[in-house]
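The sequence and structure are shown here.

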Amino acid sequence: NIKTLEMITGVDIVIGDIPNTIIISSFNLYRRAIATKTIEELIADGRIQPARIEEIYSKVTEEFEAGILAEGEELVADLDVGVMHPELMKLIGRLRYRASYGQNALAHTLEVAHLAGIMATEMGGDARLARRAGLLHDIGKALTHDFEGNHVDLGADVCSRYNENAIIINAIYAHHGYEDIDSVECGAVCAADALSAARPGARREVLE
């Protein structure tokens, strides 16, 4: 059963080292969350065998996918950034399960979106476009556990695929110095990204 759980969920499971404790180990927060929920439901159900493990895992995964899409849709609506492709909204929701130096990627993304919108307004730019660029600037982080490459290239590729504005693509590249800043909106995102990452308490070294 443990081997089946590890194979299906893609995490390492340690049972027996600490009494009454199951340790779930993986760098992928999303996989860990799904594995945790799957094990909780299996224990509550009581029927733990390979076929049931697969069944519960499939159900939990579907619930998580629906949940991250719903969260992405809600954030896009709250930020008033216009219509967005469902796959991009799903990736935004998935950022909740990604962290960088202990800073949650979704919390960072929302900080950058709000700050970029404020700064773009002050500088006479398009606040709505700046918020949209801020929301999507780190979208590649939702893909790095599943695909090879860095989050900048992955993010630019997925946004290009869904026909996002050239200013947004520029912001994805520019906030890590891959391209020069070409607009007020891009400049606002780069400044907001630096502020969010550098503020006291935002980041720390993490053991995991």
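The sections below describe the ring pairs and then the cysteines of this predicted model.

## Aromatic pairs

The structure holds 4 aromatic pairs. One of them joins Tyr-30 and Phe-64 in an edge-to-face arrangement, with 6.0 Å centre to centre and 75 degrees between the planes. Tyr-30 belongs to helix α2 (residues 29-45) and Phe-64 to helix α3 (residues 50-79), so this pair ties together parts that are 34 residues apart in sequence. Both Tyr-30 and Phe-64 are buried. Together with Tyr-97, Tyr-30 and Phe-64 make up one aromatic cluster.

Tyr-173 and Tyr-178 form a stacked aromatic pair, at 6.4 Å centre to centre and 25 degrees between the planes. Tyr-173 is buried, its relative accessible area being 18%, whereas Tyr-178 counts as partly exposed at 44% relative accessibility. The value for Tyr-173 is 18%, and the cut-off for buried is under 20%.

## Cysteines

The number of disulfides in the structure is 0. For Cys-159, the closest cysteine sulfur is in Cys-186, and the 13 Å between the two sulfurs is too far for a bond. Cys-159 is buried, with 0% relative accessible area.

Cys-190 is likewise in no disulfide: its nearest cysteine sulfur, that of Cys-186, lies 4.2 Å away. Cys-190 is buried, with a relative accessible area of 14%.

Notes
Residues are numbered from 1 along each chain as its sequence is written. This is a predicted model: local features need pLDDT of at least 70, side-chain atom pairs count only at pLDDT 80 or more; totals for chains, interfaces and linings use all residues. Side-chain values use heavy atoms; hydrogens and water are left out. Rings of Phe, Tyr and Trp (its six-membered ring) pair if their centres lie within 6.5 Å; planes under 30 degrees apart count as stacked, over 60 as edge-to-face and the rest as tilted. Helices (H or I, at least four residues) and strands (E, at least two) are DSSP runs, numbered from the N terminus. Buried means under 20% relative accessible area, exposed over 50%, partly exposed in between (1.4 Å probe, protein chains only). A disulfide is a pair of cysteine sulfur atoms within 2.5 Å.
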